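Colleague: Please take me through this model, one question at a time.

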Amino acid sequence: DLRGLSIQEAALVLERTDLSLGERVEAVGEPGVVLATDPGFGQIVMPGTPVTVYAGAGMPGSATADSG
């Protein structure tokens, strides 16, 4: 399960398990922390399968986004 890991940690775990880091999708949550994956934890996949990572990009209205 990659939830709670940083993107870098998740990429290492995926590499060790013969999977690859796929698309990174920003979601509301702690910046840089994995919130969910697709395929999800426990799903059976083929070696080399790219895993989409949903990672936190801050909270709505936070100062993490450039407003202009």
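Modeller: Leu 21 lies in strand E1. The model is a predicted one, in which local features need pLDDT of at least 70, side-chain atom pairs count only at pLDDT 80 or more, and totals for chains, interfaces and linings use all residues. Residues are numbered from 1 along each chain as its sequence is written, and side-chain values use heavy atoms, with hydrogens and water left out.

Colleague: Is Leu 21 buried, partly exposed or exposed?

Modeller: Buried means under 20% relative accessible area, exposed over 50%, and partly exposed in between (1.4 Å probe, protein chains only). Leu 21 has a relative accessibility of 39%. Leu 21 is therefore partly exposed.

Colleague: Which residues is Leu 21 in contact with, leaving aside its neighbours within four places in sequence?

Modeller: Contact means heavy atoms within 4.5 Å. The C-alpha atoms of Leu 21 and Ala 10 are separated by 8.0 Å, with the two residues 11 apart along the chain. Neighbours within four places left aside, the contacts of Leu 21 are Ile 7, Ala 11, Leu 14, Val 51 and Val 53.

Colleague: What does the secondary structure of the protein chain come to, and which pattern does it follow along the sequence?

Modeller: Helices (H or I, at least four residues) and strands (E, at least two) are DSSP runs, numbered from the N terminus. Read along the sequence, the pattern is α-β-β-β.

Colleague: In which order do the three strands form the sheet?

Modeller: Two strands pair if DSSP finds at least two bridges between them. Seven bridges join E1 (residues 20–31) to E3 in parallel, and four join E2 (residues 34–38) to E3 in antiparallel fashion. The sheet is open, its pairing is mixed, and its order is E1-E3-E2.

Colleague: Why is one side of E1 and of E2 left without a neighbour in the sheet?

Modeller: E1 and E2 each have a single partner strand, so one side of each has no neighbour in the sheet. Both stand at the edges.

Colleague: Which residues of E3 are the bridge partners of Pro 31, Val 34 and Thr 37?

Modeller: Pro 31 has its partner at Gly 56. For Val 34 the bridge partner is Ala 55. For Thr 37 the partner in E3 is Val 53.

Colleague: How many residues of E3 are buried?

Modeller: Strand E3 spans residues 50–56 and is mostly covered. Of its seven residues, the number buried is five.

Colleague: Which residues make up the largest nonpolar core, and which elements give two or more residues to it?

Modeller: A nonpolar core is a set of buried Ala, Val, Leu, Ile, Met, Phe, Trp, Tyr and Cys residues joined through side-chain atoms within 4.5 Å. The largest has eight residues: Leu 2, Ile 7, Ala 10, Leu 14, Val 34, Val 51, Val 53 and Ala 55. The elements giving two or more residues to this core are helix H1 (7–16) and E3.

Colleague: Which side chains meet in the salt bridge?

Modeller: A salt bridge is a side-chain nitrogen of Lys or Arg within 4 Å of a carboxyl oxygen of Asp or Glu. The whole structure holds one. Asp 1 is partly exposed at 45% relative accessibility, and Arg 3 is exposed at 53%. The N to O distance is 2.6 Å, and the side chains are those of Asp 1 and Arg 3.
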